[in-house]
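Hi there,

Here is the two-chain file I promised to pass on.

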Amino acid sequence: MTDQRSLITDDVRAMIGSEAAPRSLVIDPIVGRRLAEALGEAPDAIAAAEFAPAFYFSAFESFIPPTGITGELASGVLAGDEWEQFRPLRWGERIVSSGRIADIYERFGGRHGQTLYLRYEWRFTDERGELVAVSRRIFARYATSDGDDEEAP
Amino acid sequence: MSDSTLRLNDVHEGDRLPPLEKRFELIDVVKWSGATWTFVPIFYDRDLARAQGLPDTLIPGPMKLALFNLLLRQWAGPQVRVRNVRAAYRRPDTPNLPLACHGLVTAVRRGENAGEVDLELWVENVRGERSVTGAATIELPLP
């Protein structure tokens, strides 16, 4: 029988809105070359271009603000990813990422049983403080893992 | 990959993109992990993966999201502007198996300064299942 006890305790709810310290990133052509190589693309063509390719964004493994969630919800997978890109990024430019936990919600009776979803949002600004990209990622956390990714509801 | 960027009048609703096929090996995932400086054991430790009941290590979700961007780049040209892209990771994918990334044009619009094209995107595994589903909007030059 499914345990319908909510996983969203006061402690978990209090995490909504918590922020990670801003991080500075350089749009690095060497990283671009390495990503291209991992993806089986021609590294020289990527690094020689004026702008970083769009796939460079998906490689921002944005720092995740710690949640302190442990124990029965220790397993988790990335369930969804969304990027808005407001302009292309030039090699060598510096941007700053700011991340926060935007929302936490749960679902009962899914493939993994009761699942807690954490939606993170990162905003990326350039040296003039202008927004260049926004990323939203949803992580699903559940008690047991079969390693299967699961779409967020 | 074409060297030139498509123009809006080259594209029509219902167009299917030529699929992008990839077969990532573990070393490719390790390279990705190194380039992003993200080291999640399930992505490179086969013993750990098998101990968790998986057939093999997993390919990171963001690496599969990159396939969407590569598909758009292959189709529309290296200068393509991707305004937004999203992915839902529905099933795990493991190295050494072919993946095919597909796209379908769902809408074409003429904007003030550029054309806008909406696409449905997905990654299909060797069993024909959609392991990643998503969508994107790209910008193309007006004719």
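**What I found**

In chain A, 72% of the contacts between residues at least 6 apart in sequence join residues at least 24 apart; two residues are in contact if their C-beta atoms, placed from the backbone, lie within 7 Å. For chain B, residues 24 or more positions apart account for 67% of the contacts with a separation of 6 or more.

Before you read on, please note that this is a predicted model, where local features need pLDDT of at least 70 and side-chain atom pairs count only at pLDDT 80 or more, while totals for chains, interfaces and linings use all residues. Residues are numbered from 1 along each chain as its sequence is written, and chains are lettered from A and ligands numbered from 1 in the order in which they are written.

**The two chains**

Chain A has four helices and five strands, in the order α-β-α-α-α-β-β-β-β from the N terminus. Chain B has three helices and five strands, and its order is β-α-α-α-β-β-β-β. Helices (H or I, at least four residues) and strands (E, at least two) are DSSP runs, numbered from the N terminus.

Of the 153 residues in chain A, 33% are buried; in chain B it is 36% of 143. A residue is buried if 20 or more other C-beta atoms lie within 10 Å of its own, exposed if 12 or fewer, and partly exposed in between, with C-beta atoms placed from the backbone. The C-alpha atoms of chain B fill a box of roughly 55 × 30 × 20 Å along the principal axes.

**Where the chains meet**

The interface brings 34 residues of chain B into contact with 31 residues of chain A. On the chain B side, helix 1 (26-36), helix 3 (61-76) and strand 2 (81-89) each supply at least two residues, and strand 2 gives the most, with nine. That side divides into 17 nonpolar, eight polar and nine charged residues (Ala, Val, Leu, Ile, Met, Phe, Trp, Tyr, Cys and Pro count as nonpolar, Asp, Glu, Lys and Arg as charged, and the others, Gly among them, as polar).

One helix pair is worth a look. Helix 2 of chain A and helix 1 of chain B pack at about 160°, with their axes 8 Å apart; axes are lines fitted to C-alpha atoms, for helices over the stretch in contact, and angles run from 0 to 180 degrees between N-to-C directions. The two helices are therefore roughly antiparallel to each other, the word used for angles over 145 degrees. The contact is made by V31(A), R34(A), L35(A), E37(A) and A38(A) on one helix and D28(B), K31(B), W32(B), G34(B) and A35(B) on the other.

A38(A) lies in helix 2 (residues 29-38) of chain A, and counts as buried because it has 23 C-beta neighbours inside 10 Å. Leaving out residues up to four places away in sequence, A38(A) touches D28(B), K31(B), W32(B) and A35(B).

**Strands in chain B**

Strand 3 (residues 99-110) and strand 4 (residues 115-124) of chain B pair in the antiparallel sense over 10 bridges; two strands pair if DSSP finds at least two bridges between them. L104(B) has E120(B) as its bridge partner in strand 4 of chain B. Four residues form the hairpin link between strands 3 and 4 of chain B.

Happy browsing!

Technical notes:
Parallel < 35°, antiparallel > 145°, perpendicular 65-115°, else oblique.
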